[in-house]
Amino acid sequence: MKAVILAAGRSFRMKPIEDKNFLEFLGKPLIAHQLNALISAGFKEILVVGGSHNLSGLRRLIRQGDFKGAKVNLKEQENLDLGMAGAILSSAKWIKNDPFFAVSANDVLDGEAYSVMVRHSNHDVGTGLMLAHKVSKYFPGGYLKIAKNGLIKGIVEKPGEGKEPSKLVNIVVHYHPNSKLLIEELKKVKTNRDDRYECALQTLLDKGTKYKAVPYTGFWQPIKYPWHVIALMNHFLGGIKSYRAAKTEVAKTAVIKGEVYLEDGVKVLDNVVICGPAYIGK
């Protein structure tokens, strides 16, 4: 199964953070966590699409990473103004008309989200899929419009509270069983905005191409603004277990409570109190 990670965003809204892909959690960049989650879900071929601003960093990460037998490649999106559509068009030769998943680097999810989508793609052969988060209160995003037969009719962007066509918010983990059709539509779309991908999808839906919503209720954090880092920190820290590397020094009078992860080279001096969950890197 192929996946394309759309990681060419310029993180304008994250200032002063230069590139959210390289924010470190538990000693690893965010993009590495996302790659590992995809690989754990069974993906063996992954293409990361970056831009000129982060290509060297992505190349270094891929070169140094341990991806457990999966093949991870890198492609530059030259025209960043084309948004998601430009990323997929840049990937067309790599996709080779094969089915593929489009995954946004802006959305951080539990690995189970990818596993659920893979299971549905194996079951609903030939049907496109969109991951959908069921919300209990208004979220300013794209909502899925569902027909009576259960298929997706469209995506309504930021409809306003009380005007939502459903409770399902679109998350960009999309499965495209017919990549050729999608790429053909992406080439045809004419728009002055960066919604070429959404326009192409809507055209496919209007023509009767089948896409189903896959409801998901697990962890989801879109990362658009600096304060979203706090939610991600809590998410990653929530899963750690106590660990003390061989090359650590912990004073006898130090107190360590809860789940605390200490990497090589950490020194905990006299009378220090560490209350977990906490992670201290090398």
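**Exercise 1.** Is M233 buried, partly exposed or exposed, and what is its relative accessible area?

*Solution.* The model is predicted: local features need pLDDT of at least 70, side-chain atom pairs count only at pLDDT 80 or more, and totals for chains, interfaces and linings use all residues. Residues are numbered from 1 along each chain as its sequence is written, and side-chain values use heavy atoms, with hydrogens and water left out.

Step 1. The classes are buried (under 20% relative accessible area), exposed (over 50%) and partly exposed (in between), with a 1.4 Å probe and protein chains only. M233 has a relative accessible area of 38%, so it is partly exposed.

Step 2. M233 belongs to helix α8 (residues 228–237); helices (H or I, at least four residues) and strands (E, at least two) are DSSP runs numbered from the N terminus.

Step 3. Together with Y225, W227 and I230, M233 makes a nonpolar surface patch of about 420 Å². Such a patch consists of residues with over 30% relative accessible area and no salt bridge, with nonpolar side chains (Val, Leu, Ile, Met, Phe, Trp, Tyr) joined within 5 Å and, for charged patches, like charges within 9 Å. A salt bridge is a side-chain nitrogen of Lys or Arg within 4 Å of a carboxyl oxygen of Asp or Glu. Accessible areas come from the Shrake-Rupley method with a 1.4 Å probe; for residues, only the protein chains shown count as cover.

**Exercise 2.** Determine how β1 is enclosed and which strands pair with β1.

*Solution.* Step 1. Because 5 of the 5 residues of β1 are buried, this strand is largely enclosed by the rest of the structure.

Step 2. In a regular strand the side chains alternate between the two faces of the sheet. In β1, K2, V4 and L6 lie on one side and A3 and I5 on the other, and all are buried.

Step 3. Pairing requires at least two DSSP bridges between two strands. β1 is parallel to β6 over 5 bridges, with A3 opposite F101. Likewise, 5 bridges link β1 in parallel to β4 (residues 45–50), where E45 faces K2.

**Exercise 3.** Describe the largest nonpolar core and the surroundings of Y114.

*Solution.* Step 1. A nonpolar core is a set of buried Ala, Val, Leu, Ile, Met, Phe, Trp, Tyr and Cys residues joined through side-chain atoms within 4.5 Å. The largest core has 39 residues, of which F43, F101, L109, Y114, L131 and V173 touch the most other members. Helix α1 (residues 30–40) supplies the largest share, 6 residues.

Step 2. Beyond its neighbours within four places in sequence, Y114 has contacts (heavy atoms within 4.5 Å) with A37, L38, A41, F43, V103, D107, L109 and V173.

Step 3. Another core, of 30 residues, lies apart from the largest one and includes A87, I152, I155 and L186.

**Exercise 4.** Locate the backbone features at K96, K158, P16 and P277.

*Solution.* Step 1. K96 is a residue other than glycine with a positive phi, near 60 degrees. K96 sits in the loop between α4 (92–95) and β6 (100–104) and is exposed because its relative accessible area is 60%.

Step 2. K158 also has a positive phi, near 40 degrees, and lies in the loop between β10 (152–157) and β11 (168–176). At 55% relative accessibility, K158 is exposed.

Step 3. A cis peptide bond links K15 to P16, with omega about 10 degrees; P16 is in the loop between β1 (2–6) and β2 (24–25). The bond between G276 and P277 is also cis, with omega about 5 degrees, and P277 lies in the loop between β19 (273–275) and β20 (278–280).
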